[in-house]
Number of protein chains: 2
Amino acid sequence: MKEKRQIGRGVCVVGAGMSRFGMFPDKDSKDLFIEAYNEMIASVDKGAGPEDIDALYLGNFSNDYFVHQAHWAPIIADAIGHTPKPATRTECACASSALAFKEGVFAIASGFYDVVLVGGMEEMSKCKTEEVTEGLAAAAFPSELAAGFTFPGVFGAISSVYFTKYGCRKEDLFNVTIKSHNNAALNHKAQIPFTIRDIMKQKVERARQKGTPIPTWKDEKEFLKDPKANPMVAYPMSLYDCCPISDGASCMLLVSEKMARQFTDDPLYVIGIGQGSGAGLQGSESLTSFEASRQAASEAYKMSGLKPNDIQFCEVHDCFSMAEIIDIEDMGFFKPGEGYKAVNEGVTRRDGSMPINTSGGLKCKGHPVGATGIAQLHEVWEQLRGKAGERQIPHKDLHFGAAQNIGGTGGTATVTILERR
Amino acid sequence: MKEKRQIGRGVCVVGAGMSRFGMFPDKDSKDLFIEAYNEMIASVDKGAGPEDIDALYLGNFSNDYFVHQAHWAPIIADAIGHTPKPATRTECACASSALAFKEGVFAIASGFYDVVLVGGMEEMSKCKTEEVTEGLAAAAFPSELAAGFTFPGVFGAISSVYFTKYGCRKEDLFNVTIKSHNNAALNHKAQIPFTIRDIMKQKVERARQKGTPIPTWKDEKEFLKDPKANPMVAYPMSLYDCCPISDGASCMLLVSEKMARQFTDDPLYVIGIGQGSGAGLQGSESLTSFEASRQAASEAYKMSGLKPNDIQFCEVHDCFSMAEIIDIEDMGFFKPGEGYKAVNEGVTRRDGSMPINTSGGLKCKGHPVGATGIAQLHEVWEQLRGKAGERQIPHKDLHFGAAQNIGGTGGTATVTILERR
């Protein structure tokens, strides 16, 4: 094993796009991918088209379960005029498209291809909620399924352990939720582009229209404490601790460093990639940290030569509010047991010293699982290039942004670090 | 686009293993993979263990459909003691593990990893036949599914077109079938390790025991013409034109060329890899050739600098007898419309000038779809290293062997060329 991994040749990101995330009964996976693809093409400063692209990598978790159609890579290749060039699907549950990104980097770094389209998509909302829950549960370890766990249950159990170990309380998770909603309200692609205060107002308005009793929450925390407004899903996780069921797609254009200037004068450099695997809850020493995440972070830091405090902002895998706290600890931004304190102190807010999930995160931006990994990187792209509009991080000199993506119950994790020079 | 693709650094195969293929009600995917893995480890001349392996790539088509468990890469990683190192699944229907192989090559060629385990598996026989047919149909293009096609139907239609166009008859396909069975009878890992004559004898014996009328076929062709012995599945494809439903696993150990001698003095060199995509039957100019196959072959020939007639033997994707004929034409071994004549003349037999599917092929060795790509390369490994026992090709100087793998209705195809120096 080498001390610092070196890849054969540098790889840059020169374009990025994503569809709106949400529940779209009238759109299928092809429609969603084309929406992301068209935005990506439009984002390439000096232009690009299907003729430039040597290969496609597509992350998808389980459209074969959700819409009973498998083998999506050639379907998407055909939809964007890429046939007969290569198209490959990667799958590791909710980390599927972060792996498409990683394989795209390898394919270019190896010297085999020069320009690679990487993307992901998922079409979940055509299933009923209980079917989605069952479909996602297949991403957990067999022993977890056999014990009756579904994902809300898994993160409920993790929360209980974290609470007991570190003195965190359910109220502390509210600060994650409030922050995510505040960010998502500034993201027009988000599935839930509303602050908690917006939602409170909507509910008051609805009660007024219906003539039912007008709720009188005095602030966001009181709203989140109200079991009618925020019902329990899996103790101690309530509705607003959980990400929604989503449809969506995302993609990016990768090129060799040498060719980057043919596409833009402002490429982003892929300076760190890392990946780890985990053995599920039963195989973990601790429920309050994912070994796969620590491994992925360690690989990515090693490759980039950076340390956690060199990273200026990060998108992390907040499928549940609790996950965000564990993620920011596993990334090394905060010590174990101290992530929730940092959240309470506002450190992870957009104007804090370590902004987390400025996009709104999986929780509010949405989580079409196969699209998520590259959608996270889409936010890193927008922030680093100063194109995040109202939600732009108020920092004059952004250079290093990262994304951390988890699949299953920590069965897979990836960390990717991008640099703007 | 470069004239001849060059990868950053050379990659070698230093070990290979596969489980027995068949229907194993008492074995699950982990058992099968471990069987293949243990054989692979034993095949590495100077020894290897999990500590040597930097990353795992695992091909699987749809265990989430067949056994309702997804996210297999970390499960297999855990089973072989690989956790927390990276584990990634690739999927392109029946070409899933050929893509695991390709990504393993890229990962090493890029300089990121030195030693990569690549493999594949599928656990199909726990589903009923009609469920398997439906699960596999999800690998076809949506327009094909909508038209009511399943795979036997697709290859039935392809056969009808080929017959009309080139004057081939159903009896000509028998020669593919007879050859495959002759080869598989010498392969103890094959699911159907019997010649057609063996099967005829078994049926006569069974009739004798049961006291039913003794069949009196005078030769193999008469047996294959008998609709009781060889019933129609999808005109003109009968039972013995189709591969069986299979469980199985396969794997190989890839290392950088520089490190190969640490593992063996007799490595195989990966000199050609190619991949293509196709737009399904509706998007094809012709039903008697797969554009994806021609693209994959062209990439692999270009990279290796070889021509079709430099390849000394090949494993091709004979999910149906008809497919084998189309494959050997798409590989450029024979002109369009002449593949069946070469088969009739014995050219593709083990002792012919271009041995095809010496393993018995998918048709008789079995086709656990996610395992197939690397299982084909396992045969190339055994033949090139002179370890194929009774089915060893009787040629003194074998250097170049290839494998061609198809996913879906030509949605994906790969070609891989290995060299022994």
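In this predicted model, chain B superposes on chain A through a rotation of 180° with 0.0 Å of shift along the axis, and the RMSD is 0.0 Å. This is the relation of a two-fold axis. Within chain B, B:Ser110 has the C-alpha nearest the axis, at 1.8 Å. Both copies use the same surface: 100% of the contact residues of chain B recur in chain A.

The contact draws 52 residues from chain B and 52 residues from chain A. On the side of chain B that touches chain A, the elements giving two or more residues are α2 (63–66), α3 (72–79), β3 (87–91), α4 (96–109), β8 (268–277) and α11 (291–304). That side comprises 23 nonpolar, 21 polar and 8 charged residues. Strand pairing also crosses between the chains. Strand β3 (residues 87–91) of chain A is joined to β3(B) by 3 bridges, and the two strands run antiparallel. Across this pairing, A:Glu91 stands opposite B:Arg89 of β3(B).

Chain A contains 15 helices and 11 strands. Its C-alpha trace spans about 60 × 50 × 45 Å along the principal axes. Of the 421 residues in chain A, 62% are buried. Among contacts in chain A between residues at least 6 apart in sequence, 76% link residues at least 24 apart.

The largest nonpolar core has 251 residues, and A:Met252 and B:Met252 touch the most other members. With neighbours within four places in sequence set aside, B:Met252 contacts B:Val13, B:Gly15, B:Ala16, B:Met40, B:Phe101, B:Val118, B:Ile374 and B:Leu377.

An exposed site is provided by A:Thr164, which has 10 other C-beta atoms within 10 Å. A:Thr164 is placed in helix α7 (residues 151–166) of chain A.

Backbone geometry was then considered. A cis peptide bond connects A:Thr83 to A:Pro84, with omega of about 10°. A:Pro84 sits in the loop between α3 (72–79) and β3 of chain A. Another cis peptide bond connects A:Tyr235 to A:Pro236, where omega is about -5°. A:Pro236 belongs to the loop between β5 (232–234) and β6 (237–238) of chain A.

Positive phi values occur at residues other than glycine. One is A:Asn357, with phi of about 55°. A:Asn357 is in the loop between α13 (339–344) and α14 (361–365) of chain A. A:Asn357 has 28 other C-beta atoms within 10 Å and is therefore buried, the threshold being 20 or more. B:Ala93 likewise is not a glycine and has a positive phi, near 50°. B:Ala93 occupies the loop between β3 and α4 of chain B. B:Ala93 also counts as buried, because 25 C-beta neighbours lie inside 10 Å.

Notes:
Residues are numbered from 1 along each chain as its sequence is written. Chains are lettered from A and ligands numbered from 1 in the order in which they are written. This is a predicted model: local features need pLDDT of at least 70, side-chain atom pairs count only at pLDDT 80 or more; totals for chains, interfaces and linings use all residues. Copies are superposed by least squares on the C-alpha atoms of residues with pLDDT of at least 70 in both. Two residues are in contact if their C-beta atoms, placed from the backbone, lie within 7 Å. Helices (H or I, at least four residues) and strands (E, at least two) are DSSP runs, numbered from the N terminus. Ala, Val, Leu, Ile, Met, Phe, Trp, Tyr, Cys and Pro count as nonpolar, Asp, Glu, Lys and Arg as charged, and the others, Gly among them, as polar. Two strands pair if DSSP finds at least two bridges between them. A residue is buried if 20 or more other C-beta atoms lie within 10 Å of its own, exposed if 12 or fewer, and partly exposed in between; C-beta atoms are placed from the backbone. A nonpolar core is a set of buried Ala, Val, Leu, Ile, Met, Phe, Trp, Tyr and Cys residues joined through C-beta atoms within 7 Å.
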